[in-house]
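Student: I have just opened this entry and would like a guided look. Could we go through it together?

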Amino acid sequence: MERNDRIFVAGHRGLVGSAIVRRLQAERFDNILTATREQLDLRDQAAVNYWFRANRPEYVFLVAGTVGGILANSTRPAEFIYDNMLIHATVVHAAHFFKTKKLLYLGSSCIYPRECAQPIKEQYLLTGPLEPTNEAYALAKIAGIKLCQSYRTQYGCNFISAMPTNLYGSNDNFDLTSSHVLPALIRKFHEAKVEGSRDVTVWGSGTPRREFLHVDDLADACLFLMRSYEDAQHINVGTGEDLTIRELAEMVRDVVYPAAAIRFDRSKPDGMPRKLLDVGRLHELGWRHRIDLRDGLAQTYDWFMQQVACGEAMRA
Ligand code: GFB
């Protein structure tokens with residue numbers, strides 16, 4: 001990728017897309033292409049073709065999609081499967097048709113079977129049933145991997161796929177009905193502190209284990225893979241370390257509101273018992289994460305506080 005290449009970041013307003021744009025800007029790429037949802041409905045093949053014909057992106061980061069945490073995934077499966085299957089298909093097809101040089105497609109660690117051996121190697125894909133709370137999303141994400149591989153096989157497209165673990169960081173979604181656990185806990189502990197209530201409710205049993213990667217590390221990995229990875233096989237992106245939801249809640253409590261007491265709401269789903277990625281292949285290629293979870297958490301809480309301050313300033 002040269003600095004003046006036309007680089008399309010599909011999904012630039014999201015957690016991942018905004019981090020990739022920040023990273024490209026920091027490296028002084030000066031031809032970054034973006035399109036808002038209002039400007040371009042990525043589910044509409046004719047609109048996507050029109051946009052690709054007009055803009056001719058040479059590189060595409062396909063990080064757009066309908067995403068959310070365990071509650072959103074289990075209550076809105078139709079949106080998750082419909083939006084994501086269409087978005088992946090339209091962008092991959094247009095990238096082939098308009099001769100994009102290289103495309104990086106981003107999936108999710110929920111593509112792997114629920115009862116997967118740990119840590120999860122790339123080759124465990126499609127070896128068992130999926131976790132029911134995110135089956136619709138996972139199927140769309142698996143279809144995305146197969147799309148990239150099929151266009152590579154039939155047309156020789158240089159389309160690659162990366163599967164990141166659970167992500168967090170600046171620009172995350174803090175809405176409690178659709179967010180992932182880490183931003184949800186930041187908000188819950190913060191609001192308890194502000195309201196002066198001691199109890200904070202954490203969903204599920206607290207025993208599931210999760211791995212968390214800061215989105216700035218993911219953006220770094222995406223550029224690294226765009227520059228150096230050429231395989232048809234998807235590649236895991238993570239830290240190789242996980243912790244229980246209880247340990248995560250304690251860490252967020254220590255950063256945000258140390259006096260809080262944690263309560264578990266066992267009527268809420270736990271989801272996958274564990275999904276720790278095996279990141280051996282990525283390490284062999286020479287990439288490792290840099291941002292430690294506690295530091296990343298503190299940085300994300302700072303970002304959240306800036307948004308709270310901005311909201312208060314607007315209301316004043
Ligand atoms: O982050 P999360 O929603 O997604 O939940 P998944 C992770 C774990 O944290 C689950 C628990 O065991 C939740 O029950 N948890 C505790 C909470 N308190 C909360 C809370 O206040 N909010 C939320 N959201 N969770 C998603 C998939 O699974 O992960 C997607 O549904 C995607 O498909 C994404 O793969 C990365 O890790 O369970």
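**Loops, fold and cysteines**

Tutor: Arg56 sits in the loop between helix H2 (45-55) and strand S3 (59-62); helices (H or I, at least four residues) and strands (E, at least two) are DSSP runs, numbered from the N terminus. This is a predicted model, in which local features need pLDDT of at least 70, side-chain atom pairs count only at pLDDT 80 or more, and totals for chains, interfaces and linings use all residues. Residues are numbered from 1 along each chain as its sequence is written, and side-chain values use heavy atoms, with hydrogens and water left out.

Student: What is the phi of Arg56?

Tutor: Arg56 has a positive phi of about 45 degrees, although it is not a glycine.

Student: And why does Arg56 count as partly exposed?

Tutor: Because its relative accessibility is 38%; buried means under 20% relative accessible area, exposed over 50%, and partly exposed in between (1.4 Å probe, protein chains only).

Student: Where does Lys99 lie, and what is its phi?

Tutor: Lys99 is in the loop between helix H4 (77-97) and S4. Its phi is near 60 degrees, a positive value in a residue other than glycine. Lys99 counts as exposed, because its relative accessibility is 69%.

Student: Let us step back. How many helices and strands does the chain have?

Tutor: The chain has ten helices and twelve strands. Its radius of gyration is 19 Å, close to the 20 Å that the globule rule gives for 316 residues, so the chain is as compact as a globular protein of that length. The radius is taken over C-alpha atoms, and the rule is 2.2 Å times the number of residues to the power 0.38.

Student: What share of the residues is buried?

Tutor: Of the 316 residues, 53% count as buried.

Student: Changing topic: how many disulfides are there?

Tutor: The structure holds zero disulfides, a disulfide being a pair of cysteine sulfur atoms within 2.5 Å. For Cys116, the nearest cysteine sulfur is that of Cys110, 12 Å away. For Cys222, the nearest is that of Cys148, at 13 Å.

Student: Is Cys222 buried or exposed?

Tutor: Cys222 is buried, with a relative accessible area of 1%. Cys116 also counts as buried, at 11% relative accessibility.

Student: Lastly, which peptide bond is cis?

Tutor: The bond from Gln118 to Pro119 is cis, with omega near -10 degrees. Pro119 is found in the loop between strand S4 (102-106) and helix H5 (135-155).
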